[in-house]
Structure formats: structure tokens, C-alpha cells
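Please walk me through this structure, with the cut-offs behind each term spelled out along the way.

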Amino acid sequence: MSDIQAIQTRLVDDIAAAADLDAIEALRVAALGKAGSITALLKTLGGMTPDERQAQGPAIHALRETVTAALAARKAALDAAALDVKLAAEAIDMSLPADTAPRGSVHPVSQVMDELAEIFADMGFAVATGPEIEDDWRNFTALNIPDTHPARAMHDTFYFPDTDAEGRTMLLRTHTSPVQIRTMMSQEPPIRIIAPGRVYRSDSDATHTPMFHQVEGLVIDRGIHMGHLKWTLETFLKAYFERDDIVLRLRPSYFPFTEPSAEVDVGYKQEKGRRIVGGNGDDEGHAWMELLGSGMVNRRVIANCGLDPDEWQGFAFGVGVDRLAMLKYGMDDLRAFFDGDLRWLSHYGFNALSVPTLSGGISA
């Protein structure tokens, strides 16, 4: 018994003094391995008489359990100490800037759409939307566009072979003007809306694509005149280009859906091969550039929507969103907007958190 107690004391002391996991493993093998000291004691039980096994067996088994528990406890303590050292060495300095993670960007068209919505919301306009597949009545007829108008030609408009329940020809809308028709037919005046969205025309070159984006504006109220239209456009363009020197020139024109109609020109100058909007087009070094179309809503259009043109008047305007983006942000080829080139988007794209506001900057 005294020998077993001495072995236990020695082994427990050695285990407690073990400096690392390798030392613990060596002590385990020396005590409990095939040739270990405790294993040898267990083997002696086979040669003992029953009385000797009854006297010696419990002490030897208790020795094995005590040493096994001591080995496990010391190993756990060493593992915990090693983990503490590792954690201390791998601590993150939260004061350092985080690694830059890959992130997406906002397409310039989406950014300009948000800028327009912000500007016109400040002037009391709501955003209205409508389907991109329209019938020819809302797209053409209701807008006072006759059957012989060139815009209705097959080489200008994408038609579907199907018709609607009323037998009307279906097509991809050529402008967002059908949204104006839908709004006037479903909403009582006064009306102040902008209608942004995708439109489709059979055209393709550096400044035209079969699909592009357009925003139109509509105001219907009592006593509306051209002065209201000019003020609205000046306020809009000054806010969008973030310049106070925007000068407009309204030239008489013709659109079936407005009467009188006006093409709206803006003054600009060339700087380093880029058009910079601003200034008077008649000044030295400046010129005029046509930007959008506008006019007073034709009486026939108002009547087609079920409103009394003697009571209600209004104005409308339309401009290409893609063209606005090109002028403001210096792009020179409309086709690049839809090529899906990530290099182009990484250069011209906007941070998703750069939300345009009138107070913080439209293009912040």
C-alpha cells in the first residue's frame, strides 16, 4: 500500500509540474502506456490470489483513476493557458480602420432618377408610374397624335401582334405620356406629377438606344399659363445642375399634345472637350443647346381624359434622363449606359449611401 501511495504522490507531483502538453503526454505514456508503471501494477493482479486481488485491486484501480484525472485536469489547464496566449496575440485593434470590403454602386440613371424625384417633390410634385406595355389609344390617340403621324410607323415603334380586350393594338410605350393620360383619367385635378421610366423606340447610335429613360412632368389646374411652365423648368434645371446661372430660351415648336409648344434651349460652353451647362447662349464663348420639349396641354388631350378644357388648363414637359446624366456627369456615349461594363460603372457609379437631398447636395 505504501508503495502505491508513493507512486501516486510522485506521479501527481510530476503532472502538476508539467510545463507543456508534450510533458503531459510523456507522463501519460510512462504511467498508463503499454509499458507504464500503473499498467504493470494492473498486470500483477492476474498472478495474485483472490484474497490478494481483493486487498490490492481497489488501491491500484484508484491509483489509475487519480492519475488519469490529474492528467486531464493539467491538460485542460495548459490548453486554457495556450488559448489565452493565442487570443492575446490575435486581438483586433478596433481603433484601426476596417479593411475595405467589395461593394456595389448605384447606376447613374438610378441616381439621376432619385435626384429628379427629390427636386420635384420640393415643388409639390408626386411621382407617377404606369405599364411599359401600352395600348395605342393611350400612347397616341388620346395625345392627339393622328393615325398618319410618323411616330406611329412600324420602323419607329415596337408593336405586339396581340390586341387588348377592346381590340386596341399593343406596343412598347414610346414615351411616358400615357402615364399622364392615366393620371388625368383616374385623378381629380389639381394634378402635379412627374412620370419617370423606361421607354422604347427603334433607334440606335451614340446618342440613341432602343430603350432609354425619360421623365415627363404634368400640371393641371385652373389659371395655368406659360409663365408657370418657364418658372418650373428654370427652378428644376438650376437645382439639378446646381448652378444659378442657368439661362433658358424657349423656341416655338409643334407637338400634337401641346398648344402652344416650345423647345427649351439652355446656354452652355465647351471646357476641355466637355459641354458645361450654364450661362447665356448669346454670350461670347457660349452657345445654345436644345434640352427638352414642353408646352401647354392641348385642349383636345384634356377633353379626351374627361376634363373640361374651359375649366382646367395645364402644361407638360419631357426630357431624357440618360441625356441629363450625360450632361451633368461628363459621359459621351449613351450606349455605355447599357453595356454592363463594371469598369465604366465603377468610374461613374454612385455610393449607395449618397442619397440626394436639397440640403446636403443633389449629387453629394
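Asp136 lies in helix 6, which covers residues 136-139, where helices (H or I, at least four residues) and strands (E, at least two) are DSSP runs numbered from the N terminus. This is a predicted model, in which local features need pLDDT of at least 70 and side-chain atom pairs count only at pLDDT 80 or more, while totals for chains, interfaces and linings use all residues. Residues are numbered from 1 along each chain as its sequence is written, and side-chain values use heavy atoms, with hydrogens and water left out.

Asp136 is buried and yet has no salt bridge, the nearest side chain of opposite charge being that of Arg152, 4.1 Å away. Here buried means under 20% relative accessible area, exposed means over 50%, and partly exposed lies in between (1.4 Å probe, protein chains only); a salt bridge is a side-chain nitrogen of Lys or Arg within 4 Å of a carboxyl oxygen of Asp or Glu. For charge, Lys and Arg count as positive and Asp and Glu as negative, whereas His and the chain ends are not counted. Leaving aside residues up to four places away in sequence, Asp136 touches Thr141, Arg152, Arg168, Thr169 and Leu171, a contact being heavy atoms within 4.5 Å.

Arg168, one of those contacts of Asp136, does form a salt bridge, with Glu166 (3.3 Å, N to O). Glu166 counts as exposed at 61% relative accessibility, while Arg168, at 21%, counts as partly exposed. In the whole structure, a search finds 20 salt bridges. Another of them pairs Glu132 with Arg198 at 3.0 Å, N to O; because Glu132 lies in the loop between strand 1 (126-127) and strand 2 (133-135) and Arg198 in strand 5 (residues 191-200), the pair ties together parts that are 66 residues apart in sequence. Both partners are partly exposed, Glu132 with a relative accessible area of 23% and Arg198 with one of 38%.

Lys269 and Glu271 also meet through their side chains in a salt bridge (3.0 Å, N to O), with Lys269 partly exposed at 27% relative accessibility and Glu271 likewise partly exposed at 36%.

A cis peptide bond joins Pro189 and Pro190, with omega about 5°, and Pro190 lies in the loop between helix 7 (177-186) and strand 5. Another cis peptide bond joins Glu259 and Pro260, with omega about 0°, and Pro260 lies in strand 8. Asn144, although not a glycine, has a positive phi of about 65° and is placed in the loop between helix 6 and strand 3 (159-163). Lys272, in the loop between strand 8 and strand 9 (274-277), has a positive phi near 55° and is exposed, with a relative accessible area of 90%.
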